[in-house]
Amino acid sequence: MAVRVDGKTFFLETKNTLYQMKADEYGVLKHLWYGVRTGQDMEYLLDYPDVGFSGNIYEADNNRSYSLDTMPLEYATEGVGDFRISAVGVRYQNGASALDLRYESYHVEPGKYSIPGLPAVYAEEYEAETLEVTLKDTASDIRVVLKYGVLPDFDVITRSAVVINDGVQTVMLNKAHSLCLDIPYGQWEWVHFYGRWAKERTPERLPLLHGIQESSSKRGISSHHQNPAVLLCREGCTETSGICIGAVLMYSGCFQAQVEYDQLNQTRLVMGINTHTFCWELEPGKRFYTPEVILSQSNSGMEMLSHQFHRLIREHVCRGRYKMIERPVLINNWEATYFDFNEDKLVEIAKGAAELGVDMLVMDDGWFGKRDSDASGLGDWYENPLKLPNGLSGLAEKINDLGMEFGVWFEPEMISENSDLFRTHPEWAIRIPGRRPMRSRYQLVLDMSRPDVQDYLFDVMSRILNSANITYIKWDFNRSVSDWYSELLPSGRQKEMPHRFVLGLYSLMERLTQAFPDVLFEGCCGGGGRFDAGILYYCPQIWCSDDTDAFERTQIQYGTSFFYPISSMGSHVSAVPNHQTGRITSVKTRGITAMAGSFGYELDLNRLTQEEKDEVKFQIGLFKEYGPLIHNGKYYRLSNPFEDKYAIWEYVSTDARKVLVQGMIFRTEPNMLRYPIYLRGLDPKKKYRLREDGIIYSGNALMNGGILIPKAWGDYVPVEMYLEAIDA
């Protein structure tokens, strides 16, 4: 059993970890432990002094050492004496804002809970158990149900909460976070993943300062600037040793992750919807569901933690036909043509690509409405006859005749002021009455909280998908959201809109992915601005970044890999000089970097030299051979591209028989030593043959003595070594 209850103490056990909490004599649900399985009640570690200015609950009488402000709590509340960051807060009609939650009941059932209207980890009954713990306010009819999904084989526990108004008066929900995790002991550091457009998910590891540290987004999207995933690491934790905890929020909108290091050197992590862009009117009899957090812990360093997240997300977050199978190698015309294309030009690009083994052509922005630049046309989802005289079906037929599949770009949630849709439905655009809206990329955003907007988009996208043999959709989103206002909401409920926007997006994605199960949907938001586990529930891959420079991508993909599987990262070979940096790298270097993801091309292959075309044909063949290993094998970060002179990574098959080492040497030095790279995850007793020269190594030697990186000449030198176990 994954969930065990002894009196009022709850044991949530996975293969290697124990999560423990207890409802004490006052009904306060205390957090006791999250770490290795210990086989015992860990409450003995909680020994608190009388701390001045940390008050005591009424029932504790004169027991001044009993304070909500000091002890580890399972779900911290506002207004009742815990002055640290809280997980939930309400405001009543009399203006009061206190919530004193006490234990009421629990329920255990087989399988994994789901969340109405929100993405969540899914599992069969034999793979998971669900624990529900109900807490009730001492002075009102507000209840909170804490939901825990325990997946023992994955070392994962999921968290979500349901706030229920069983009273007769409406209350305002000011804060409803999904996770509250108190860690009483240890010196911890936190890792967040910051960036900007074309520079996403840069890991930054910092010691905790006394006070509050925050990673968040108010942009309507999870954002390029912060990712809804954080690590807590014990001091000295490395890739291969030490204790670390990871938390991933399955949410694609405004989020908030806060870490507080308190007066007693305790650590609290809370995570959920951003309170700055949230307030919810909770009417009598209604429930509010928080998005889910995926929680995992490792005592063997960050590498093991990444493996746990990779497997869980790939197998139990991603869905549909493409979640486990290999994806088509595609070519996208965006950086080859931008808006300047027509049917003939696309067919010529496809012909050249087909000859080299590419599986799919994706037509990017500019095929619809009056769309010759980014200043018009969004929302008018019908073919531009000047560019596509034979329509989508005619173009798709020509692409299919070349033996290739056909895909199309959409930006469903956006609208141009210069569009038929805006002229017909100006009320559908997000704008504050009496104010000129903020433009970004010269476009506005549709109010996705509106059912009529969702219906319009479902209808027009379905019509397009039914009109031609389209097997791929790139779903883009190219601005942050501001000017929050919906004509359908009264004035007192406008702060509900950012969350309702996300719910509307998920509703549309669910309808489309269910209606078109054979279509591969790829998420995109100006690259990686909405790279989160919420989108991966609908799209098994996300365009990792608009920065296609091979050197830059080693860093972006490195940061992304801490939580998200390699198969989820859309990664392409683009033209040089690179359109974002001007950097020149070889086709081979670009290909090896792009293989660390869902592989494709972002250029006109007809413009390459014959030697480069031969290399492309060769690397496509290699990717089709290596693809199962890259996407299904264990991924190892063998270097840190932010600190080292090279970026090297490794894939190892689950049976440890196949090994692929890839990467890039950034700079070549005179008289340069060939650094050894220490492989990981091999069977020390096996012998491995290096394909490139036939030399045989023992697994023990490769992991402890290493293997020398190839000789380098020039800059941005590609590294690729394939080894396979041989029978004795």
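**Cavities and the pocket**

A: The structure holds six cavities of 30 Å³ or more. On a 1 Å grid over the protein atoms alone, a cavity is a set of points where a 1.4 Å probe fits but cannot get out, whereas a pocket is an open set with protein on both sides within 12 Å along at least five of seven lines; lining residues have an atom within 4 Å of a point. Grid points are joined across faces, edges and corners, and a volume is the space filled by probe spheres set on the points. This is a predicted model, in which local features need pLDDT of at least 70 and side-chain atom pairs count only at pLDDT 80 or more, while totals for chains, interfaces and linings use all residues. Residues are numbered from 1 along each chain as its sequence is written, and side-chain values use heavy atoms, with hydrogens and water left out.

The largest cavity has a volume of about 120 Å³. Its lining consists of Val 28, Leu 29, Leu 68, Leu 73, Glu 74, Tyr 75, Ala 76, Thr 77, Val 80, Asp 100, Leu 101 and Leu 135. By class, this lining has nine nonpolar residues, one polar and two charged. Here Ala, Val, Leu, Ile, Met, Phe, Trp, Tyr, Cys and Pro count as nonpolar, Asp, Glu, Lys and Arg as charged, and the others, Gly among them, as polar.

The second largest cavity has a volume of about 70 Å³. Around this cavity lie Thr 554, Gln 557, Tyr 558, Ala 596, Tyr 635, Ser 639, Pro 641, Ala 647, Ile 648 and Trp 649. Helix H9 (550–560) and strand S32 (646–652) are the elements that give two or more residues to its lining; helices (H or I, at least four residues) and strands (E, at least two) are DSSP runs, numbered from the N terminus. The lining of the second largest cavity has seven nonpolar and three polar residues, and no charged ones.

The largest pocket has a volume of about 570 Å³. It is lined by 27 residues, of which His 307, Gln 308, His 310, Arg 311 and Lys 634 are the closest to its centre. Two or more lining residues come from each of strand S20 (293–298), helix H1 (302–316), helix H11 (610–632) and strand S31 (634–637). H1 provides the largest share, seven residues. The lining of this pocket divides into seven nonpolar, 13 polar and seven charged residues.

Elsewhere, Met 250 is found in the loop between strand S15 (244–249) and strand S16 (255–261). Met 250 counts as buried because its relative accessibility is 0%, buried meaning under 20% relative accessible area (1.4 Å probe, protein chains only). Leaving out residues up to four places away in sequence, Met 250 touches, among others, Pro 119, Val 121, Ile 294, Val 317, Tyr 506 and Tyr 537, where contact means heavy atoms within 4.5 Å. The C-alpha atoms of Met 250 and Val 28 are separated by 28 Å, and Val 28 is one of the residues lining the largest cavity.

For the protein as a whole, there are 12 helices and 38 strands. Buried residues make up 62% of the 728 residues. The C-alpha atoms fill a box of roughly 85 × 70 × 45 Å, taken along the principal axes.

Key:
Buried < 20%, exposed > 50% of the residue type's maximum accessible area, 1.4 Å probe, protein only.
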